[in-house]
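Trainee: I've got the viewer open. Can we talk this one through together?

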Amino acid sequence: MLPEGYQNVESTVRAVLADVLGLSAERVAAFEPATPLFGALPELDSMAVAGVLTEIEDRLGILIEDDEVDGDMLETFGALTEFAAGKALV
Amino acid sequence: MAPRIDHYDWSGGREMLLRFGPDTGPAVVAALPLFEEANRTRTFVVALLRALAARGIAGLLPDVPGQNESVTPLTGLTLPRMAAALAVVAPDRRTYALGIRSGALLDHATPHRGRWHFSPQTGEALLRDLHRTWRAAGNTGDRDGMLRSDMVEVAGNHLPSTLLSSLPAAPCVADRVVRLASDPAKADRRIDAAPLWHRAEPGTDPVLVQQLADDIAEWVTACEA
(Lines give C-alpha, C1' and ligand atoms only; values in the text may rest on other atoms or scores of the structure.)
Protein backbone atom coordinates (compact mmCIF):
# COMPACT_ATOMS: atom_id res chain seq x y z
CA MET A 1 0.00 0.00 0.00
CA LEU A 2 1.26 3.45 -0.84
CA PRO A 3 1.86 5.86 2.03
CA GLU A 4 -0.70 8.59 2.63
CA GLY A 5 1.82 11.26 1.68
CA TYR A 6 2.26 9.67 -1.73
CA GLN A 7 -1.47 9.87 -2.37
CA ASN A 8 -1.44 13.54 -1.43
CA VAL A 9 1.35 14.16 -3.93
CA GLU A 10 -0.57 12.21 -6.57
CA SER A 11 -3.74 14.25 -6.06
CA THR A 12 -1.70 17.46 -6.16
CA VAL A 13 -0.11 16.48 -9.49
CA ARG A 14 -3.56 15.52 -10.81
CA ALA A 15 -5.01 18.90 -9.75
CA VAL A 16 -2.09 20.81 -11.30
CA LEU A 17 -2.59 19.06 -14.65
CA ALA A 18 -6.31 19.87 -14.53
CA ASP A 19 -5.75 23.53 -13.57
CA VAL A 20 -2.85 24.35 -15.89
CA LEU A 21 -3.91 22.35 -18.94
CA GLY A 22 -7.62 23.10 -18.53
CA LEU A 23 -8.53 19.39 -18.44
CA SER A 24 -11.86 18.28 -16.99
CA ALA A 25 -12.01 16.68 -13.55
CA GLU A 26 -13.32 13.47 -15.14
CA ARG A 27 -10.42 13.33 -17.54
CA VAL A 28 -7.69 13.70 -14.91
CA ALA A 29 -9.53 11.36 -12.54
CA ALA A 30 -9.04 8.64 -15.14
CA PHE A 31 -5.24 9.15 -15.22
CA GLU A 32 -3.34 6.01 -14.18
CA PRO A 33 0.40 5.64 -13.52
CA ALA A 34 0.93 4.43 -17.11
CA THR A 35 -1.08 7.27 -18.71
CA PRO A 36 1.29 9.00 -21.17
CA LEU A 37 1.74 12.79 -20.74
CA PHE A 38 4.41 14.65 -22.74
CA GLY A 39 3.91 13.96 -26.42
CA ALA A 40 0.48 12.43 -25.79
CA LEU A 41 -1.45 15.42 -24.40
CA PRO A 42 -1.61 18.17 -27.03
CA GLU A 43 -2.20 20.73 -24.23
CA LEU A 44 1.16 19.87 -22.66
CA ASP A 45 3.63 21.78 -24.83
CA SER A 46 7.01 23.02 -23.63
CA MET A 47 5.54 26.32 -22.34
CA ALA A 48 2.87 24.45 -20.41
CA VAL A 49 5.54 22.20 -18.91
CA ALA A 50 7.09 25.29 -17.29
CA GLY A 51 3.68 26.20 -15.78
CA VAL A 52 3.06 22.64 -14.55
CA LEU A 53 6.46 22.42 -12.85
CA THR A 54 6.12 25.85 -11.22
CA GLU A 55 2.66 24.97 -9.86
CA ILE A 56 3.93 21.62 -8.51
CA GLU A 57 6.81 23.46 -6.82
CA ASP A 58 4.52 26.03 -5.20
CA ARG A 59 1.90 23.56 -4.02
CA LEU A 60 4.34 21.01 -2.62
CA GLY A 61 6.90 23.52 -1.34
CA ILE A 62 9.73 21.96 -3.35
CA LEU A 63 12.33 23.26 -5.80
CA ILE A 64 12.92 21.46 -9.09
CA GLU A 65 16.36 22.11 -10.59
CA ASP A 66 16.52 22.60 -14.32
CA ASP A 67 18.97 19.76 -14.87
CA GLU A 68 16.44 17.40 -13.26
CA VAL A 69 13.85 18.14 -15.91
CA ASP A 70 13.98 15.57 -18.71
CA GLY A 71 11.70 13.59 -20.96
CA ASP A 72 11.56 10.60 -18.61
CA MET A 73 9.96 12.46 -15.69
CA LEU A 74 7.26 13.83 -17.99
CA GLU A 75 6.62 10.63 -19.92
CA THR A 76 3.79 9.28 -17.79
CA PHE A 77 1.53 10.43 -14.96
CA GLY A 78 3.22 7.84 -12.72
CA ALA A 79 6.74 9.09 -13.56
CA LEU A 80 5.83 12.71 -12.80
CA THR A 81 4.17 11.71 -9.52
CA GLU A 82 7.20 9.57 -8.56
CA PHE A 83 9.51 12.47 -9.27
CA ALA A 84 7.43 14.94 -7.23
CA ALA A 85 7.07 12.45 -4.37
CA GLY A 86 10.82 11.88 -4.36
CA LYS A 87 11.25 15.61 -3.76
CA ALA A 88 8.34 16.22 -1.39
CA LEU A 89 8.51 13.12 0.80
CA VAL A 90 12.00 13.28 2.26
CA MET B 1 -20.42 51.26 -17.75
CA ALA B 2 -17.54 51.04 -20.18
CA PRO B 3 -14.09 52.05 -18.95
CA ARG B 4 -12.77 55.38 -20.20
CA ILE B 5 -9.49 55.45 -22.08
CA ASP B 6 -7.14 58.07 -20.68
CA HIS B 7 -3.38 58.49 -20.27
CA TYR B 8 -0.78 59.55 -17.76
CA ASP B 9 2.59 61.25 -18.25
CA TRP B 10 5.76 60.13 -16.54
CA SER B 11 9.37 61.24 -17.02
CA GLY B 12 9.86 58.68 -19.82
CA GLY B 13 6.76 59.52 -21.86
CA ARG B 14 3.00 59.01 -22.04
CA GLU B 15 1.20 55.74 -21.28
CA MET B 16 -2.38 54.55 -21.63
CA LEU B 17 -4.65 54.41 -18.59
CA LEU B 18 -8.11 52.83 -18.27
CA ARG B 19 -10.51 54.49 -15.80
CA PHE B 20 -13.40 52.64 -14.18
CA GLY B 21 -16.12 53.96 -11.84
CA PRO B 22 -16.42 57.34 -10.09
CA ASP B 23 -14.01 60.24 -10.75
CA THR B 24 -13.88 61.20 -7.09
CA GLY B 25 -13.17 59.33 -3.89
CA PRO B 26 -10.58 56.62 -3.34
CA ALA B 27 -9.22 54.74 -6.33
CA VAL B 28 -7.73 51.29 -6.67
CA VAL B 29 -4.64 51.31 -8.92
CA ALA B 30 -4.21 47.87 -10.49
CA ALA B 31 -0.89 46.46 -11.69
CA LEU B 32 -0.98 43.42 -13.95
CA PRO B 33 1.80 40.86 -13.72
CA LEU B 34 4.83 41.60 -15.87
CA PHE B 35 5.48 40.00 -19.27
CA GLU B 36 3.66 36.84 -20.38
CA GLU B 37 1.36 36.50 -17.35
CA ALA B 38 -0.14 39.92 -18.16
CA ASN B 39 -1.74 38.43 -21.28
CA ARG B 40 -3.32 35.66 -19.25
CA THR B 41 -4.77 37.92 -16.54
CA ARG B 42 -5.79 41.12 -18.36
CA THR B 43 -9.38 40.07 -19.10
CA PHE B 44 -9.74 38.89 -15.52
CA VAL B 45 -8.40 42.14 -14.02
CA VAL B 46 -10.57 44.31 -16.29
CA ALA B 47 -13.60 42.29 -15.12
CA LEU B 48 -12.47 42.78 -11.52
CA LEU B 49 -12.21 46.57 -11.96
CA ARG B 50 -15.67 46.64 -13.55
CA ALA B 51 -17.03 44.68 -10.59
CA LEU B 52 -15.41 47.18 -8.20
CA ALA B 53 -16.94 50.08 -10.15
CA ALA B 54 -20.33 48.38 -9.75
CA ARG B 55 -19.66 48.49 -6.00
CA GLY B 56 -18.94 52.24 -6.21
CA ILE B 57 -15.15 51.99 -6.06
CA ALA B 58 -13.02 53.67 -8.73
CA GLY B 59 -10.34 51.69 -10.51
CA LEU B 60 -7.37 52.67 -12.64
CA LEU B 61 -5.44 50.32 -14.91
CA PRO B 62 -2.28 52.06 -16.13
CA ASP B 63 -0.02 50.53 -18.76
CA VAL B 64 3.32 49.86 -17.14
CA PRO B 65 6.07 51.39 -19.34
CA GLY B 66 7.20 48.77 -21.84
CA GLN B 67 4.07 46.62 -21.35
CA ASN B 68 0.75 46.20 -23.18
CA GLU B 69 0.19 49.18 -25.58
CA SER B 70 3.22 51.12 -24.32
CA VAL B 71 5.71 52.15 -27.00
CA THR B 72 8.42 52.81 -24.41
CA PRO B 73 11.33 50.52 -25.29
CA LEU B 74 12.22 47.99 -22.61
CA THR B 75 15.88 48.87 -23.08
CA GLY B 76 16.82 51.18 -20.26
CA LEU B 77 13.90 50.13 -18.06
CA THR B 78 14.42 48.54 -14.69
CA LEU B 79 11.87 47.47 -12.11
CA PRO B 80 12.45 50.57 -9.91
CA ARG B 81 11.92 52.77 -12.99
CA MET B 82 8.64 51.04 -13.85
CA ALA B 83 7.49 51.41 -10.24
CA ALA B 84 8.46 55.11 -10.25
CA ALA B 85 6.34 55.68 -13.38
CA LEU B 86 3.24 54.27 -11.64
CA ALA B 87 3.77 56.72 -8.77
CA VAL B 88 2.49 59.59 -10.99
CA VAL B 89 -0.72 57.87 -12.16
CA ALA B 90 -3.03 59.55 -9.63
CA PRO B 91 -1.03 61.89 -7.37
CA ASP B 92 -4.11 63.86 -6.23
CA ARG B 93 -6.28 60.94 -5.11
CA ARG B 94 -6.33 58.59 -2.16
CA THR B 95 -5.15 55.36 -3.74
CA TYR B 96 -4.94 51.68 -2.88
CA ALA B 97 -2.67 49.26 -4.72
CA LEU B 98 -4.10 46.12 -6.30
CA GLY B 99 -1.16 43.92 -7.27
CA ILE B 100 -1.67 40.67 -9.16
CA ARG B 101 1.27 38.21 -9.15
CA SER B 102 4.43 40.16 -10.10
CA GLY B 103 2.32 43.33 -10.32
CA ALA B 104 2.85 43.28 -6.56
CA LEU B 105 6.44 44.37 -7.22
CA LEU B 106 5.36 47.67 -8.79
CA ASP B 107 3.56 49.56 -5.99
CA HIS B 108 6.34 50.38 -3.52
CA ALA B 109 7.26 53.76 -5.05
CA THR B 110 3.70 55.10 -4.67
CA PRO B 111 2.42 56.49 -1.33
CA HIS B 112 -0.70 54.28 -1.37
CA ARG B 113 -2.97 54.16 1.66
CA GLY B 114 -2.81 50.39 1.50
CA ARG B 115 -1.61 47.50 -0.66
CA TRP B 116 -3.76 44.47 -1.54
CA HIS B 117 -2.02 41.60 -3.32
CA PHE B 118 -3.43 38.54 -5.06
CA SER B 119 -1.05 35.57 -5.24
CA PRO B 120 1.98 37.88 -5.15
CA GLN B 121 5.12 36.58 -6.80
CA THR B 122 8.54 37.70 -5.63
CA GLY B 123 11.08 39.01 -8.13
CA GLU B 124 13.27 36.01 -7.36
CA ALA B 125 10.43 33.59 -8.24
CA LEU B 126 9.63 35.55 -11.41
CA LEU B 127 13.25 35.39 -12.57
CA ARG B 128 13.25 31.66 -11.85
CA ASP B 129 10.06 31.25 -13.93
CA LEU B 130 11.53 33.26 -16.81
CA HIS B 131 14.68 31.15 -16.78
CA ARG B 132 12.60 27.96 -16.86
CA THR B 133 10.55 29.26 -19.80
CA TRP B 134 13.76 30.32 -21.56
CA ARG B 135 15.11 26.77 -21.11
CA ALA B 136 11.82 25.26 -22.31
CA ALA B 137 12.35 27.14 -25.60
CA GLY B 138 15.49 25.09 -26.21
CA ASN B 139 18.13 27.38 -24.69
CA THR B 140 20.81 25.91 -22.48
CA GLY B 141 22.60 27.49 -19.58
CA ASP B 142 22.05 28.44 -15.95
CA ARG B 143 20.56 31.74 -14.86
CA ASP B 144 23.89 33.57 -14.96
CA GLY B 145 24.38 32.25 -18.48
CA MET B 146 20.97 33.62 -19.50
CA LEU B 147 21.79 37.04 -18.01
CA ARG B 148 25.13 37.21 -19.84
CA SER B 149 23.40 38.33 -23.07
CA ASP B 150 22.32 41.99 -23.23
CA MET B 151 18.88 40.98 -24.50
CA VAL B 152 17.08 37.77 -23.59
CA GLU B 153 14.06 36.46 -25.50
CA VAL B 154 11.51 34.81 -23.22
CA ALA B 155 8.21 33.69 -24.75
CA GLY B 156 8.32 36.41 -27.42
CA ASN B 157 9.36 39.19 -25.03
CA HIS B 158 12.77 40.74 -25.64
CA LEU B 159 13.98 41.55 -22.15
CA PRO B 160 17.19 43.45 -21.35
CA SER B 161 19.32 41.64 -18.80
CA THR B 162 19.55 44.87 -16.76
CA LEU B 163 15.76 44.66 -16.25
CA LEU B 164 15.91 40.96 -15.36
CA SER B 165 18.77 41.56 -12.93
CA SER B 166 16.70 44.23 -11.14
CA LEU B 167 13.89 41.78 -10.30
CA PRO B 168 15.17 39.92 -7.22
CA ALA B 169 15.78 43.10 -5.19
CA ALA B 170 12.21 44.44 -5.59
CA PRO B 171 10.27 44.84 -2.34
CA CYS B 172 6.98 42.92 -2.11
CA VAL B 173 5.07 44.19 0.92
CA ALA B 174 1.29 44.10 1.37
CA ASP B 175 -1.35 45.01 3.96
CA ARG B 176 -3.60 42.19 2.80
CA VAL B 177 -2.73 39.06 0.80
CA VAL B 178 -5.25 36.73 -0.84
CA ARG B 179 -4.05 33.46 -2.37
CA LEU B 180 -5.47 30.36 -3.98
CA ALA B 181 -6.39 27.49 -1.68
CA SER B 182 -3.76 25.34 -3.43
CA ASP B 183 -0.95 27.76 -2.53
CA PRO B 184 0.56 27.08 0.92
CA ALA B 185 2.40 30.44 1.16
CA LYS B 186 1.37 32.98 3.82
CA ALA B 187 -2.00 34.68 3.21
CA ASP B 188 -4.81 36.53 5.01
CA ARG B 189 -7.42 34.63 3.03
CA ARG B 190 -7.53 31.65 0.64
CA ILE B 191 -9.98 31.13 -2.19
CA ASP B 192 -10.51 27.87 -4.07
CA ALA B 193 -9.85 28.62 -7.76
CA ALA B 194 -7.46 27.71 -10.58
CA PRO B 195 -4.32 29.79 -11.36
CA LEU B 196 -5.34 31.72 -14.49
CA TRP B 197 -1.74 32.88 -14.99
CA HIS B 198 -0.50 29.34 -15.59
CA ARG B 199 -3.35 28.27 -17.84
CA ALA B 200 -2.15 26.90 -21.18
CA GLU B 201 -5.23 28.55 -22.77
CA PRO B 202 -5.98 32.01 -21.31
CA GLY B 203 -9.39 32.37 -19.67
CA THR B 204 -11.21 34.18 -16.91
CA ASP B 205 -13.19 33.19 -13.81
CA PRO B 206 -16.42 35.18 -13.17
CA VAL B 207 -16.98 33.60 -9.73
CA LEU B 208 -13.47 34.50 -8.58
CA VAL B 209 -13.98 38.05 -9.92
CA GLN B 210 -17.03 38.55 -7.68
CA GLN B 211 -15.32 37.01 -4.63
CA LEU B 212 -12.24 39.23 -5.00
CA ALA B 213 -14.32 42.34 -5.75
CA ASP B 214 -16.21 41.79 -2.47
CA ASP B 215 -12.96 41.30 -0.59
CA ILE B 216 -11.33 44.45 -2.03
CA ALA B 217 -14.47 46.57 -1.59
CA GLU B 218 -14.77 45.56 2.09
CA TRP B 219 -11.07 46.17 2.66
CA VAL B 220 -11.08 49.63 1.03
CA THR B 221 -14.21 50.58 2.97
CA ALA B 222 -12.59 49.46 6.24
CA CYS B 223 -9.39 51.39 5.41
CA GLU B 224 -11.41 54.53 4.62
CA ALA B 225 -13.50 54.35 7.81
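Predicted model: local features only at pLDDT ≥ 70, side-chain atom pairs only at ≥ 80, totals over all residues.

Trainee: How many helices and strands does chain A have?

Mentor: Reading from the N terminus, the elements of chain A go α-α-α-α. The count is therefore 4 helices and 0 strands.

Trainee: What radius of gyration does chain A have, against that of a compact globule?

Mentor: The C-alpha trace spans about 35 × 30 × 20 Å along its principal axes. For 90 residues, a compact globule would come out near 12 Å, and chain A agrees, with 12 Å.

Trainee: How far apart are the end C-alpha atoms of helix α4 of chain A?

Mentor: Helix α4 covers residues 77–88, which makes 12 residues. The rule takes 1.5 Å times one less than the number of residues, so the helix should span 16 Å; the end C-alpha atoms agree, at 16 Å.

Trainee: Over in chain B, does B:Asn157 count as buried, exposed or partly exposed?

Mentor: B:Asn157 sits in strand β8, residues 157–160. Beyond its neighbours within four places in sequence, B:Asn157 is in contact with B:Phe35 and B:Glu36. Buried takes 20 or more C-beta neighbours within 10 Å and exposed 12 or fewer; B:Asn157 has 16, so the call is partly exposed.

Technical notes:
Residues numbered from 1 in each chain as written. Chains lettered and ligands numbered in written order. Helix = DSSP H or I, 4+ residues; strand = E, 2+ residues; numbered from the N terminus. Rg over C-alpha atoms; globule rule 2.2 N^0.38 Å. Contact = placed C-beta atoms within 7 Å.
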